[in-house]
Amino acid sequence: MPEFFNVLPPGEALALLLDLLPERPAAGVCVADTSQALGRVVAAEILATESLPPFPRSTMDGYSVRAADTYGASDGLPAWFTLVGEVPMGQGPDFELGICEAAVAYTGGMLAGNADAVVMVEHTQAIDAQTIEVMRPVAPGENVAQPGEDVSAGEPVLPAGHVIRPQDIGALLALGIQRVQVAERPRVGILSMGDEVVHPSATPGTGQVRDVNTYTVAGQVVSAGGTAVPLGLVGDDYEEQLVAARQGLAQSDMLVLSAGSSVSARDRTVDIVAELGEPGPLVHGLALRPGKPAIVGLCDGKPVIGLPGNPVSAMVVSSLLVRPTVYRLMGCAHPPPANEQTAVLTQDIPSAAGREDYVPVRLSESDDGTTIARPVWGKSGFIFTLVKADGLVRVPADAGGVYAGERVQVREL
């Protein structure tokens with residue numbers, strides 16, 4: 001097919017692809033132990049199986065009382081209460097309170113039988129072993145967590161498409177939910193192409209380099225919750241590339257092609273994508289630096305991403321396109337945002353209007369405690385440019401650059 005280069009901003013290119021993907025998990029659904037489900041994507045809405053807390057519980061150390069008995073209490077005219085017992089942690093009460101009677105209450109523990117409030121210990125004073133002064137009134141329900149106040153039985157807990165976090169695991173286990181339905185991890189095939197690329201275990205010959213992109217992209221796939229499937233290396237023979245790409249797509253839910261995506265007669269990745277299935281290439285070229293010669297395609301319902309061969313370009317494009325697509329294949333429409341922090345730029349970053357620039361920066365702290373970002377200059381073929389960096393600064397397409405002293409958002413690597 002003839003070459004084309006319809007450059008789009010990365011966000012528009014991604015949206016074009018995601019709009020064509022179904023919302024259901026591409027690889028199916030499985031059941032996972034809740035304790036081992038960190039980072040997995042919920043496949044079906046989870047409802048609370050019971051109410052939490054299941055009983056009225058104190059939120060403070062103090063004394064459970066009948067609130068009405070404390071009305072009018074003050075520092076100058078405290079109310080006197082008789083201590084009639086305590087409710088030990090992990091046990092229920094076996095007594096009720098009479099007029100101006102109190103019982104010791106512990107944080108997280110139950111109240112005495114007919115108590116409806118807790119007086120903080122800081123607002124009391126012991127007179128003797130059986131008597132306390134209460135110097136602040138409390139209202140009914142004060143310092144008490146009511147049944148179902150945290151979550152009620154039948155209430156939605158986690159929606160489908162939610163990425164499970166540590167606090168979610170704790171909440172599910174608090175409800176006794178031991179197993180959850182999650183999306184299967186999508187298989188992402190990664191094929192590196194080019195006569196100049198050799199396996200990392202090999203000694204490169206003249207003009208050759210070790211394969212880097214297979215492993216950096218694989219790391220990004222795994223960090224997004226997918227399963228990386230390295231498909232090996234293939235030279236510049238078009239027929240061999242096409243056969244390898246077809247085989248890789250057949251055994252994967254998504255295919256990533258590394259190198260061969262520049263606009264040249266020799267690199268025919270876009271032709272390969274066109275032959276893998278309909279509709280084929282959606283975008284050839286991003287308004288992006290580094291990473292302009294990238295391909296976004298959909299072949300018979302499976303995403304295909306063509307990455308530039310340069311390691312920095314490949315990682316930037318993979319972060320912007322591959323990562324969110326992996327999440328979408330698990331039914332997650334809104335993946336967790338990349339970690340970002342604000343920093344003050346130390347040097348000008350020039351840019352051309354009409355494209356997004358991503359510039360590696362190293363973060364440090366100034367003498368006054370301000371986080372500063374120092375650009376790490378290097379060509380897109382230098383992997384150690386990223387090794388030396390802590391994150392990337394995005395220069396918007398409508399900006400002509402960013403100036404030293406400006407506050408910028410740094411996307412952590």
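In this predicted model, Val188 has Ala228 of strand S16 as its bridge partner. The pairing of S13 with S16 is parallel and runs over six bridges. Strands of a sheet pair through backbone hydrogen bonds, in either a parallel or an antiparallel sense.

These two strands belong to an open sheet of six strands, ordered S16-S13-S17-S21-S20-S18, with mixed pairing. S16 and strand S18 (279-284) are the edge strands; each has a single partner, so one side of each has no neighbour in the sheet. From one strand to the next, the twist averages 20°.

Helix H6 (residues 311-329) lies across S13, S17, S20 and S21, and its direction is at about 170° to that of S21.

Helix H4 (residues 238-250) also packs against strands of this sheet. The contacts of its buried residues include strand S13 (187-193), strand S16 (227-234), strand S17 (254-258), strand S20 (295-299) and strand S21 (302-307), as well as helix H5 (269-276). H4 has 13 residues and reaches 18 Å from its first C-alpha to its last, close to the 18 Å expected at 1.5 Å a residue.

Which residues of H4 are buried? They are Tyr238, Gln241, Leu242, Ala244, Ala245, Gly248 and Leu249. These residues cover an arc of only 165° around the axis, which means that they sit on the same side of H4. The spacing follows from helix geometry: an α-helix has 3.6 residues a turn, so residues three or four places apart point the same way. Gln247 and Ala250 are exposed, on the face of H4 turned away from its buried side.

Key. Residues are numbered from 1 along each chain as its sequence is written. This is a predicted model: local features need pLDDT of at least 70, side-chain atom pairs count only at pLDDT 80 or more; totals for chains, interfaces and linings use all residues. Side-chain values use heavy atoms; hydrogens and water are left out. Helices (H or I, at least four residues) and strands (E, at least two) are DSSP runs, numbered from the N terminus. The expected span of a helix is 1.5 Å times one less than its number of residues. Buried means under 20% relative accessible area, exposed over 50%, partly exposed in between (1.4 Å probe, protein chains only). The arc is that of the directions from the helix axis to the C-beta atoms. Contact means heavy atoms within 4.5 Å. Two strands pair if DSSP finds at least two bridges between them. Axes are lines fitted to C-alpha atoms, for helices over the stretch in contact, and angles run from 0 to 180 degrees between N-to-C directions.
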